[in-house]
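Please look over the sequence and the model shown here, and then read the notes grouped by topic.

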Amino acid sequence: MRRIRGLRPLLCLLGLILVLPLAAIEWLYRHALAQVPELPTLPAWEMTPDEQRRRDWWLAMELRPGERRSNPSGPGPSPGTS
Amino acid sequence: MKPLLGAPHFETLGGSRLIGRAESYWGFKSRDLEGNPLRRSAHVALGIWFSRHWSAEQLATDALAQLSVGPRIEGVHDVSRALLGQEWADLSVADVALLAALHDLPHRRRNPTCGDNLEYIRGRRDWRLRELERACVLSQRELEAALRSPLVFAPTFSDWPPCPGAKPTSEEPGEAPVAR
């Protein structure tokens with residue numbers, strides 16, 4: 001019992017050692033992001049299936065091999081693709 | 001041709017190249033509260049923000065909406081109409097690869113009427129097409145057909161950057177290059 005009680009502060013200390021650097025990094029990120037007065041917005045572009053298909057070709061060319069991955073839930077063919 | 005990343009619910013990680021482009025575009029476009037260019041730390045934070053909030057499809061859509069050739073033409077619709085004389089929705093996979101290749105080139109290499117640029121551009125386009133085949137988007141037969149297709153630019157396009165070392169002599173647009 002005494003041993004378990006002695007472990008508690010150690011665990012708390014370990015938790016702080018892990019959490020504090022992460023919190024500091026997050027704070028730095030938010031502080032730097034606060035310099036950007038207006039965050040980017042997505043373009044209002046309703047794509048037709050043909051446009052979407054060409055966008056996907058473009059995307060496939062932009063992604064490096066290690067960044068490509070397949071959809072685990074199985075996307076199935078999108079409209080307009082053969 | 002295989003369907004790729006097509007379903008609306010499908011989301012991939014942004015990818016470092018796409019994030020780099022978006023960060024660069026929006027970072028250099030934005031000004032801080034005092035109107036000064038953003039600091040490097042804000043650029044890095046913006047890149048992280050993109051990786052957290054936008055999918056690869058959204059980043060690609062944004063990149064296409066910002067695509068430009070020359071100072072006057074922006075957006076992939078206008079670019080494909082001006083540069084290739086076709087609508088974006090009608091482009092072949094070889095044309096899309098050509099646009100992507102041109103987009104990546106430094107200015108001195110973009111003008112196909114200069115020196116060996118046309119062959120250089122063709123090489124870059126073909127490399128992009130082979131990437132698509134490696135990504136299983138194109139079959140071998142589709143790749144071969146795309147590699148055979150010519151590079152055709154709209155004859156009316158006159159916004160090419162000047163050839164390196166050439167003196168500007170005329171405002172007349174050069175003859176549209178076609179490589180077969």
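**A buried arginine between the chains**

The side chain of B:Arg17 comes to 3.4 Å from the backbone oxygen of A:Glu62. The model is a predicted one. B:Arg17 belongs to helix α1 of chain B, which spans residues 16-29. This arginine is buried but has no salt bridge, and its nearest side chain of opposite charge, that of A:Glu62, is 4.5 Å away. A salt bridge requires a distance within 4 Å.

**Overall make-up of chain B**

- Chain B contains eight helices and four strands.
- Along the sequence, these elements follow the order α-α-α-β-β-α-α-α-α-α-β-β.
- Chain B has 180 residues, of which 51% count as buried.

**The disulfide**

- Over all chains, a search of the whole structure finds one disulfide.
- The disulfide is formed by B:Cys114 and B:Cys163, whose sulfur atoms are 1.9 Å apart.
- B:Cys114 sits in the loop between α6 (107-110) and α7 (117-134) of chain B, and B:Cys163 in the loop between β3 (151-152) and β4 (178-179), so the pair ties together parts that are 49 residues apart in sequence.
- The link between B:Cys114 and B:Cys163 is left-handed, with -90° about the S-S bond.
- B:Cys114 is buried, at a relative accessible area of 5%, whereas B:Cys163 is partly exposed, at 24%.
- Another cysteine, B:Cys136, is partly exposed, with a relative accessible area of 46%.

**Salt bridges**

- Side chains of opposite charge can pair when their charged atoms come close.
- The search of the whole structure finds 12 salt bridges over all chains.
- A network of salt bridges links A:Glu62, B:Arg21, B:Asp104 and B:Arg128.
- In chain A, A:Asp56 and A:Arg55 form a salt bridge, with their closest N and O atoms 3.0 Å apart; both A:Asp56 and A:Arg55 are buried.
- In chain B, a salt bridge joins the side chains of B:Asp126 and B:Arg125 at 3.0 Å, N to O, and both of these residues are buried.
- A salt bridge of 3.1 Å, N to O, joins the side chains of B:Glu131 and B:Arg134.
- B:Glu131 and B:Arg134 are separated by about one helical turn, because they are three residues apart in helix α7 of chain B.
- B:Glu131 is buried, with a relative accessible area of 10%.

- B:Asp126 is located in helix α7 of chain B and is buried, with a relative accessible area of 11%.
- The C-alpha atom of B:Asp126 is 8.3 Å from that of B:Ala146, a residue 20 positions away along the chain.
- B:Leu91 lies in the loop between α4 (76-84) and α5 (93-104) of chain B and counts as buried, at 0% relative accessibility.
- B:Leu91 and B:Ser80 are 11 residues apart along the chain, and their C-alpha atoms are separated by 8.1 Å.

**A nonpolar surface patch in chain A**

- A:Leu7, A:Leu10, A:Leu11, A:Leu13, A:Leu14 and A:Ile17 make a nonpolar surface patch of about 590 Å².
- One of these residues, A:Leu11, is found in helix α1 of chain A, which covers residues 2-33.
- A:Leu11 is exposed, with a relative accessible area of 57%.

Notes: Residues numbered from 1 in each chain as written. Chains lettered and ligands numbered in written order. Predicted model: local features only at pLDDT ≥ 70, side-chain atom pairs only at ≥ 80, totals over all residues. Heavy atoms only, no water. Patch = residues over 30% accessible without salt bridge, like charges linked within 9 Å, V, L, I, M, F, W, Y side chains within 5 Å. Areas by Shrake-Rupley, 256 points an atom, 1.4 Å probe, with all protein chains shown as cover. Helix = DSSP H or I, 4+ residues; strand = E, 2+ residues; numbered from the N terminus. Buried < 20%, exposed > 50% of the residue type's maximum accessible area, 1.4 Å probe, protein only. Disulfide = S-S within 2.5 Å. Lys, Arg positive; Asp, Glu negative; His and termini not counted. Polar contact = N/O pair within 3.5 Å; in protein donor to acceptor, adjacent residues only side chain to side chain.
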